[in-house]
Amino acid sequence: MELVTEDNITELAARRWATARDPRTRELLTALVRHLHAFAREVRLTEDEWMAAIQWLTATGQISDEKREEFILTSDVLGLSMLVVQMNRRFDEAATPATVLGPFHIDGSPELAFGGDMSDGVPGIPLYLSGIVRSLDGTPVGGAVLDVWQADADGNYESQLEVDEARLRAKYTTRADGSYCLRTIAPKGYSIPMDGPVGDLIRQTEISHFRPAHVHFLLNVDGYQPLITHLFEQGAQYLDSDVVFGTKEELVVAFEPREPGPTPDGGVSDVPWVEARYDFVLQPA
Ligand code: BEZ
Ligand code: FE
């Protein structure tokens, strides 16, 4: 029998978890044991600290439900979500980069036509976002579905409110020439939810808990890799301190103020509006 010592416990635990029958599970669990032990050794983890961590994890689970994912938020603010995206979505340099999905995407958004208004009745400055979806070689991609969602002017997503109808989210399909056009309201920067365990940790630091103004996109079309990304407003506050590390230079777009008059959907606005243009470039599957 091999007695447990402070020196051999890491090896004993890793060997035990190496009995996992699936090779990938074995690799993940043995590496997890080694890294957890190395962490505890490096910081000389105390029993009080261990208990505080257990209580924090318990609270993180308890506040989570089908609408609130505090563990994903934890991964986001630690930079883990963006690291995983970047390792797994290594697109061509010319393709639009991928970012985090975030916790507020809702499946089954209503389908709107070219220029359709996904902000219907939600107060804000009208924003028209338009452009072309292309392949890496420049070919326009028709039939691509853009699933779009964003927060309102108070920083709330639909899933954070008690509403019965789809709010600030919709799906648009590109025309044969790859063009899309959507109408919404100009987004604003907002705070991530700070009333849970993640907020408790962030308040102990100098970390800004804000995200810069952005609109979320999930693009899907046969023959190309799905693209989860955001567009950010050029010059917005928090661009260089995004709490979830989601900002990338290629995704920063000018939001140009426009006087009342013709809009990109062929209509006319009788109030001042904002225009942004962006061409998405998809990575072939
Ligand atoms: C978001 O932009 O919706 C988001 C992403 C990650 C964490 C919190 C919010
Ligand atoms: Fe967001």
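Q: In which strand is the place of His230?
A: His230 is in strand E8, residues 227-233; strands (E, at least two residues) and helices (H or I, at least four) are DSSP runs, numbered from the N terminus. This is a predicted model, in which local features need pLDDT of at least 70, side-chain atom pairs count only at pLDDT 80 or more, and totals for chains, interfaces and linings use all residues. Residues are numbered from 1 along each chain as its sequence is written, chains are lettered from A and ligands numbered from 1 in the order in which they are written, and side-chain values use heavy atoms, without hydrogens and water.

Q: Why is His230 called buried?
A: Buried means under 20% relative accessible area (exposed is over 50%, partly exposed in between; 1.4 Å probe, protein chains only). His230 has 0%, so it is buried.

Q: What makes the pair His230 and Thr99 a polar contact?
A: A polar contact is a pair of N or O atoms within 3.5 Å; within protein, one must be able to donate a hydrogen and the other to accept it, and residues adjacent in sequence count only if both atoms are side-chain atoms. The side chains of His230 and Thr99 are joined by such a contact of 2.7 Å. Another, of 2.8 Å, joins the side chains of His230 and Arg211.

Q: Which distance separates a polar side-chain atom of Arg211 from an oxygen atom of ligand 1?
A: That distance is 2.4 Å. For Tyr190 the corresponding distance to an oxygen atom of ligand 1 is 2.6 Å, and for His216 it is 2.9 Å.
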